[in-house]
Amino acid sequence: MRLRVAGAVAALVLGSLLAGCGSSGGTAGAAAPPPADRARGQLQELVDGTTSALTPAVRFADDAFRSVPHENARRDNDGTAQLTLRRYVLTKVSDANRPRLLEQVKAYWTGRGWTLTENSAFEAGARTPDGAGVTVSIGVPGNVTVAATARVKDPGATEPFGPAPSPLPTAPGGGPDTVPRFEDPAWS
């Protein structure tokens, strides 16, 4: 009788452990990703807070929220997606002022208790306690991009909330023009 009870307990424990593994190798007990509409507000707050930490203020333009479905190890859509909001700084930031820009955003993030994830001369990143992330990247020729991301339930659309709130500036070839063009004596 004891052997049968011990075997049943072992089967229950082993069954619970195996049931916790999803097809992607993750744990089924992990918190389910939020719906895209709930994450939308959080991502907006991440880019708003990050750019408002820059003093003096900079000019910028926001892209549309974009969603990319996530695949598990078997290349099947696992029902989640990465939702991203990008903000392009349109104020010119000189080489000499780029370290100050990155220090201002890192100070803001650490003041909020977020974990720094990237820290180089051209990029800084942070993760919030609930797993959302924000990065500030400086590209060539000095483009500054703030990008906030979160894993969400797949909304089933590339632009789940429609086009950008105000159209991005247009380049001569018709595509978006995110090259900084506004001068500011404190930044440029």
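Trainee: How many salt bridges does a search of the whole structure find?
Mentor: Eight, a salt bridge being a side-chain nitrogen of Lys or Arg within 4 Å of a carboxyl oxygen of Asp or Glu. Keep in mind that this is a predicted model, where local features need pLDDT of at least 70, side-chain atom pairs count only at pLDDT 80 or more, and totals for chains, interfaces and linings use all residues. Residues are numbered from 1 along each chain as its sequence is written, and side-chain values use heavy atoms, with hydrogens and water left out.

Trainee: Which residues are linked in a network of salt bridges?
Mentor: D48, D62 and R87. The D48 to R87 bridge has an N to O distance of 2.7 Å. It links helix α2 (residues 36-52), which holds D48, to strand β3 (residues 77-89), which holds R87, 39 residues apart. Helices (H or I, at least four residues) and strands (E, at least two) are DSSP runs, numbered from the N terminus.

Trainee: Is R87 buried or exposed?
Mentor: Buried, at 2% relative accessible area. The cut-offs are under 20% for buried, over 50% for exposed, and partly exposed in between (1.4 Å probe, protein chains only). D62 is also buried, at 10%, while D48 is partly exposed at 33%.

Trainee: What ring does the charged end of R87 sit over?
Mentor: That of F60, 3.8 Å from its centre. The criterion is NZ of Lys or CZ of Arg within 6 Å of the ring centre and within 35 degrees of the ring normal. R59 does likewise over the ring of F182, at 3.6 Å.

Trainee: Changing topic, how many aromatic pairs are there?
Mentor: Two. Rings of Phe, Tyr and Trp (its six-membered ring) pair if their centres lie within 6.5 Å; planes under 30 degrees apart are stacked, over 60 edge-to-face, the rest tilted. F65 and F161 have centres 5.5 Å apart and planes at 80 degrees, so they are edge-to-face.

Trainee: Where do F65 and F161 lie?
Mentor: F65 is in the loop between β1 and β2 (66-71) and F161 in the segment after β7, so the pair ties together parts 96 residues apart in sequence. F65 is buried at 8%; F161 is partly exposed at 26%.

Trainee: And the other pair, Y108 and W114?
Mentor: Edge-to-face, because the planes are at 85 degrees, with centres 5.9 Å apart.
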